[in-house]
Amino acid sequence: MKVYGTATSACTHKVLMVLAEKNQHAELVEVSVLQGQDKSPEHRKLQPFGEIPVLEDDGFLLYESRAIIRYLDHRLPGPALTPDDLRLRGLMEQWISIEQSYVSGPVWDLVRAGPVYEIIRRSPGAKFLPPPPDRNAIAAARGELATAFDVADATLARQQFLAGPEFSLAEVTWLPYLQYLVASNGADLIDARPNLARWWREISDRPTWRRVGQVLERPE
């Protein structure tokens with residue numbers, strides 16, 4: 001089993017996190033976004049949209065990180081990251097959708113305004129990425145995240161994790177974006193909400209996440 005991606009990629013983090021939680025291993029085949037390797041003709045044969053990660057499992061290719069993590073959770077032995085209870089599973093899917101619709105986009109707006117993007121701007125792959133946002137876009141992104149985080153904070157006042165009593169794929173999808181938000185001067189948005197902050201401390205302190213949640217700190 002191979003994962004085509006990079007150790008500092010948020011989307012690759014999701015896949016590596018599931019593998020870590022399952023105590024399983026896959027070969028990480030480095031595809032550098034900063035070098036533009038994800039846009040190369042060779043990589044587009046695996047992922048026609050020129051993105052990472054891609055999973056290769058005995059000749060079977062699968063791309064899109066949220067699809068990959070669902071596949072791996074069912075494919076591999078180890079602790080289940082999808083609830084058996086249908087309603088809790090529905091809640092897990094709801095929170096994955098919330099991340100995709102209301103969290104990851106504005107997080108990346110703030111990342112593009114912060115120190116991580118200063119590293120990216122000096123790389124060959126920068127030409128494939130959007131420019132830094134202006135002041136109005138930054139304010140809008142913070143407002144969008146405040147709304148989503150208020151909803152999450154209220155939910156986490158009643159239960160330990162987003163979908164109920166157990167860590168699930170919902171946490172897996174949120175973790176990388178919050179990690180990059182914290183690295184991009186956005187920790188105050190989490191810290192201002194006590195239940196969200198408690199949850200973030202707990203999930204970001206998991207040994208599996210400490211092992212795989214590597215933030216970009218220098219040019220590749």
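The largest pocket has a volume of about 830 Å³. This is a predicted model, in which local features need pLDDT of at least 70, side-chain atom pairs count only at pLDDT 80 or more, and totals for chains, interfaces and linings use all residues. Residues are numbered from 1 along each chain as its sequence is written, and side-chain values use heavy atoms, with hydrogens and water left out.

Q: Which residues are the closest to the centre of the largest pocket?
A: A pocket here is an open set of points on a 1 Å grid over the protein atoms alone, where a 1.4 Å probe fits, with protein on both sides within 12 Å along at least five of seven lines; lining residues have an atom within 4 Å of a point. The lining has 33 residues, and the closest to the centre are Cys11, Val33, Glu51, Trp108 and Leu129.

Q: How do the residues of the lining of the largest pocket divide into nonpolar, polar and charged?
A: Ala, Val, Leu, Ile, Met, Phe, Trp, Tyr, Cys and Pro count as nonpolar, Asp, Glu, Lys and Arg as charged, and the others, Gly among them, as polar. On that basis the lining divides into 17 nonpolar, 8 polar and 8 charged.

Q: Which element gives the largest share of the lining of the second largest pocket?
A: About 170 Å³ of space lies in this pocket, and its lining includes Leu16, Leu19 and Arg211. Helix 1, strand 2 (27-30) and helix 10 (207-212) each give two or more residues. The largest share, 3 residues, comes from helix 1.

Q: Which peptide bond is cis?
A: Most peptide bonds are trans. Pro53 lies in the loop between helix 2 (41-44) and strand 3 (54-57). With omega near 5 degrees, the cis bond is the one from Ile52 to Pro53.

Q: What is phi of Asn23?
A: Asn23 sits in the loop between helix 1 and strand 2. Its phi is positive, in a residue other than glycine, with a value near 60 degrees.

How values were computed: Points joined across faces, edges and corners; volume = space filled by probe spheres on them. Helix = DSSP H or I, 4+ residues; strand = E, 2+ residues; numbered from the N terminus.
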